[in-house]
Structure formats: C-alpha cells, structure tokens
Amino acid sequence: MIYDHLFFTALARLHAERRYRVFADLERIAGCFPHAIWHSPDGPRPVVIWCSNDYLGMGQHPKVIGAMIETAIRMGAGAGGTRNISGTNHPLVELEREVADLHGKEAALVFTSGYVSNESGIATIAKLLPNCVILSDASNHNSMIEGVRRAGAERKIWRHNDVGHLEELLAAEERERPKLIVFEALYSMDGDVAPVNEICALAERYGAMTYIDEVHSAGMYGPAGAGIAAREGALHRIDVVEGTLAKAFGCLGGYIAASAEIVDAVRSYAPGFIFTTALPPAVCAAATAAIRHLKVSQWERERHQDRAARVKAALNAAGLSVMPTDSHIVPVMVGDPEKCKKASDLLLAKHGIYVQPINYPTVSYGTERLRITPTPYHDDALIDALVEALCDVWRRLALPRRYRDLMAG
C-alpha cells in the first residue's frame, strides 16, 4: 500500500501543476479524415481533428491501405521477432532502400519509432566517436535529449537556432576532437526552421558531424518530399538524417539514413535496434507505398501549404493570438496551462473540434498553446467553423486576442 501512495502522490503533483494528461478516445474513419468519432462519456459523437501529425492524410490513402492489407494477407501480422533472430522481412529491406534513396544516402536503418531512432542513433554514434563532444540545439526534442544523455559524452547546448553561439562553442574545441552537431530541421511546437546551410558551413569549418532530425519535415518539403535539408540544397552536406514514418507518411516507425559505414555501425551496436522486434511486414509495405507516392505526387504538399496559409490568414483576420511561423505548424497562444486545457475541452464539448492542449514540459511555462495542424483535407467550411469556434472559446475564457499582446504581458 505504501507504494501505491507514492504513485498517487506523484500523480497529484501533475494535477496540481496542471500537467496531468487526459487522452481523448477517438476513432478515425478511413476515407473521411479529418472527421472522426469521439467516444465521449455521454456516448459517440462526431468530431473534426485539427491536431493530427498525419500531416498529409497518408494514413488513409488507398495505396497505403492497399499495400498493408495485401502484405498482411500474404505474410501475416507480425515480424516474428528481432531481425537478428527472425531475419529481416523483405518489405523492410525494400523500405530501407526507399528511405536511403529519398534522402540521397548510401543506406538507411529502420527502428520501431522516431523516438527510438533518435535515442539510439545519437547515443550510439557519439559512443563510437572517442572523446566526442555533442553540440545540441536548446529546443531539441526529448528523444534527442535522451539520446545525448545516453551517449555519456560531454555535451554543450547552443541557443536555439543561434549559429553565432554554435560557432563560439565549436571554436573552443580542438580541431581534432570528434564533434557531433544535433538539431532539428523544423521545430514542431514553434514551427520555425533551422538555418541548415549555416550550420553545415560551421560543421565543415570546424570538422564536425551533422545529425538532422527531419521528423516534422520529411515528406512535407523539398523535391520528392526529402525534407528541409533537401529544400535548402544541403542534403549532401548532412552526415545523418533522422526521420519518422508516422507523420507525413502516415504509418509507424523511425529511421536514420547515412553512409553505409555509419548505418552498419549503428545496426551493429545500438541496443534499441538489436534487442527489439522488427516492424511488421504490412507496416513496412504501407510506409514504402507512402514514400513512393509522395516522391512523385506534388498535390498533397501543395494543397497542404495552401490550407496552412488559409488557416493562418483566417485566424489573424479574426484577431486571434497566432504565433507567426514559416511552416505548416499553426500555434495559437494561450499562455496559461489551466485555460489552455479549458479551451481544448470547450472546443471538443461545445464545437466538436479536437485540438489537444500543449502545456509544460512540452513547451515552457507561460507559452501554453493550442497547436493546430491543417491537412490537405481541411476544406474552407471546416476552416471557417474552426475560426468561429475559437472566437467563441476566446470570448468565454477572456483570452488575449493578439500574440504580441500576450507576449508583452
């Protein structure tokens, strides 16, 4: 009983700090995305999802679903175990070839999630570099932070997207010392983009490796959807590209793409890869179908950017506290954890709109927000309904109407 009390106390702290997370019971409807069914306490209700990371709706694409069904029927549901024990299922081999080709690298390695690929990839690479120092952007995702911690190497944190500070830290190190710069291409909470070419130039000047997280940009930007580095013409300057199959590609899994030597070293040394069951063949086939489609289809990316721009314009026209971004991420600032949760609850209960509140520790205190992610399938009518609902909620909760006013006070 004393142990239960300790867990109860830990949960009570989260409630007191307004950080306790509540998950909505949602049932997505293939072919009708972003519409879904919310299994509310009062029974099933139709809702519209406005915060999915299935950015392009590929999770419902006929090619993706078809590849998954056909492969499951032909090869079964599971992978049978780790790749060391059960071998590598052939759809996984094809998937890794497709990922490597997408990012213009010699090889790729697929993990069970993007979190694992970052945690294992960063830690393993740094451990294999004697006396390595890791230079990590201050706004990096938790999975990258954990990878840096697990590496056990010296780490230095550079101010977010501040290449001047990064250069100061690089210049303080001996030229011969191995250095690993880890950063994101697109930061998912603020929606800002890294100065990729400037970072690469510093890496080349000071003899550092580059590790870029393209989780929120792979499939979304650049020729064939290869990401921000490709859009900026810097892909050949990046040593390791990390990404996910669970966002723009609508499936599950994470990966790294790099030289054959780097990939083989991670494959051979990373516990997070060696000791875990491989992705099922059907998931691999579905992800491959998504990547292949997005390599040749521009419609999803073009429509997506159009929808994101329209949402931003409509929210700004309504005088709502939209944080300015250069990407598809649309943060609407609240600035208070309790009101952020109330805003989310009101949108769901009163308007049938699902937008999850983003509170600490995902973002810093005082920057709590609703993170809106339009997709190609959010039409004008849904956008107008979203704006009307947000205006109603902002009135009910007396929330700040302008981003600059919120940040000022």
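**View 1. Strand E5 and its partner E6.** In strand E6 (residues 154-158), Arg 155 is the bridge partner of Ile 134. Helices (H or I, at least four residues) and strands (E, at least two) are DSSP runs, numbered from the N terminus. Five bridges join E5 (residues 133-137) to E6, and the two strands run parallel. Two strands pair if DSSP finds at least two bridges between them. Five of the five residues of E5 are buried. Buried means under 20% relative accessible area, exposed over 50%, and partly exposed in between (1.4 Å probe, protein chains only). Val 133, Leu 135 and Asp 137 point one way from E5. Ile 134 and Ser 136 point the other way.

This is a predicted model: local features need pLDDT of at least 70, side-chain atom pairs count only at pLDDT 80 or more, and totals for chains, interfaces and linings use all residues. Residues are numbered from 1 along each chain as its sequence is written, and side-chain values use heavy atoms, with hydrogens and water left out.

**View 2. An open sheet of three strands.** The strand order is E11-E14-E13, with antiparallel pairing. E11 (330-333) and E13 (357-358) stand at the edges, each with a single partner strand, so one side of each has no neighbour in the sheet. Two bridges join E13 to E14 (residues 369-372). Ile 358 stands opposite Arg 369 in E14. Helix H14 (residues 337-351) lies across E13 and E14, at about 45 degrees to E14. H15 lies across E11 and E14, at about 175 degrees to E14. Axes are lines fitted to C-alpha atoms, for helices over the stretch in contact, and angles run from 0 to 180 degrees between N-to-C directions.

**View 3. Helices H13 and H15.** H13 (residues 299-317) and H15 (residues 380-397) pack at an angle of about 30 degrees, with their axes 10 Å apart. Residues of H13 in contact (heavy atoms within 4.5 Å) with H15 include Arg 307, Val 311 and Leu 315. On the H15 side, Asp 380, Ile 383 and Leu 390 are among them.

**View 4. Two nonpolar cores.** A nonpolar core is a set of buried Ala, Val, Leu, Ile, Met, Phe, Trp, Tyr and Cys residues joined through side-chain atoms within 4.5 Å. The largest has 60 residues. Leu 95, Leu 245 and Phe 249 are among those with the most contacts inside it. Helix H12 (residues 281-296) gives the largest share of this core, seven residues. A second, separate core of 36 residues includes Val 47, Val 330, Ala 343 and Leu 386.
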